[in-house]
Amino acid sequence: MPRPKPFWKTKTLEEMTPEEWESLCDGCGKCCVVKLEDEDTGALAYTRLHCKLLDGSTCQCSDYANRRQHVPDCVQLTPVVVEQVDWLPRTCAYRLIDEGKPLPAWHHLVCGDRERIHELGHSVRGQTVSEETVFEENEIDWVIDWEGTEP
């Protein structure tokens, strides 16, 4: 008897349970880096600065359940938001599922190992500093081209 297909191959983002939805996050931390928008062109530049709530050594939010109380402009991903924003990394599972593409082989739902993403360098673990350590006028000095991050 054939094994059933995993939920991410059979369900749309809208059809997923809250547990399934949360499990899609690969923990890369790329969505939590500070992004700067060019006022003239609207182009986004990604930085090596992370949200004050992100633990740069684990790529986990230090207060995920209450993050919007501490960071009011933190974007809560929903199927509608995933469809509308253009700053999610190209490797983001939410984006990939929305676009009908497969998850990468290193994604924990595929390989069974939550550390693989970090071991292979697909996360920002250990590569960023807190936005609180840099003056706003110096943020431009922290711009970086995260391979696979830009839309």
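Predicted model: local features only at pLDDT ≥ 70, side-chain atom pairs only at ≥ 80, totals over all residues.
Residues are numbered from 1 along each chain as its sequence is written, and side-chain values use heavy atoms, with hydrogens and water left out.

In soluble globular proteins, nonpolar side chains tend to be buried together. The largest nonpolar core of the model comprises 22 residues; such a core is a set of buried Ala, Val, Leu, Ile, Met, Phe, Trp, Tyr and Cys residues joined through side-chain atoms within 4.5 Å. Burial is defined by relative accessible area: buried means under 20%, exposed over 50%, and partly exposed in between, with a 1.4 Å probe and protein chains only. The core residues with the most contacts inside it are Leu13, Leu24, Leu77 and Tyr94. Helix 1 (7-10), helix 4 (79-84) and helix 5 (93-98) each contribute at least two residues to this core, and the largest share, 4 residues, is that of helix 5. Helices (H or I, at least four residues) and strands (E, at least two) are DSSP runs, numbered from the N terminus. Apart from its neighbours within four places in sequence, Leu13 is in contact (heavy atoms within 4.5 Å) with Trp21, Leu24, Pro79, Val82, Tyr94, Ile97 and Asp98.

The largest pocket holds about 1100 Å³ of space. On a 1 Å grid over the protein atoms alone, a pocket is an open set of points where a 1.4 Å probe fits, with protein on both sides within 12 Å along at least five of seven lines; lining residues have an atom within 4 Å of a point. Grid points are joined across faces, edges and corners, and the volume is the space filled by probe spheres set on the points. The lining consists of 37 residues, of which Cys31, Cys32, Arg67, Cys74 and Val75 lie nearest the centre of the pocket. Helix 2 (18-23), strand 1 (33-37), strand 4 (60-61) and helix 5 each give two or more residues to this lining. Strand 1 gives the most, with 3 residues.

Two cysteines in loops were examined individually. Cys51 is located in the loop between strand 2 (44-50) and strand 3 (54-55), and is classed as buried because its relative accessible area is 17%. Beyond residues within four places in sequence, Cys51 is in contact with Cys32, Val71 and Glu131. Cys51 and Val34 are separated by 17 residues in sequence, yet their C-alpha atoms are 6.6 Å apart. Cys59 occupies the loop between strand 3 and strand 4 and, at 6% relative accessibility, is also counted as buried. Cys59 has a positive phi of about 65° although it is not a glycine. Most residues other than glycine have a negative phi.

In the segment after strand 5 (129-130) lies Glu139, a buried residue without a salt bridge. The nearest side chain of opposite charge, that of Lys35, is 11 Å away; Lys and Arg count as positive and Asp and Glu as negative, while His and the chain ends are not counted. Glu139 touches Val34, Leu36, Thr47, Leu49 and Val134, residues up to four places away in sequence being excluded. Thr133 also lies in the segment after strand 5, but is counted as exposed because its relative accessibility is 58%. Thr133 and Lys52 are 81 residues apart in sequence and 9.1 Å apart in space, C-alpha to C-alpha.

Side chains of opposite charge can pair when their charged atoms come close. The whole structure contains 5 salt bridges, each defined as a side-chain nitrogen of Lys or Arg within 4 Å of a carboxyl oxygen of Asp or Glu. One of them joins Glu115 to Arg125, with the closest N and O atoms 2.8 Å apart. This pair links distant parts of the chain, 10 residues apart: Glu115 is in the loop between helix 6 (108-111) and helix 7 (116-119), and Arg125 in the loop between helix 7 and strand 5. Glu115 is partly exposed at 34% relative accessible area, as is Arg125 at 28%.
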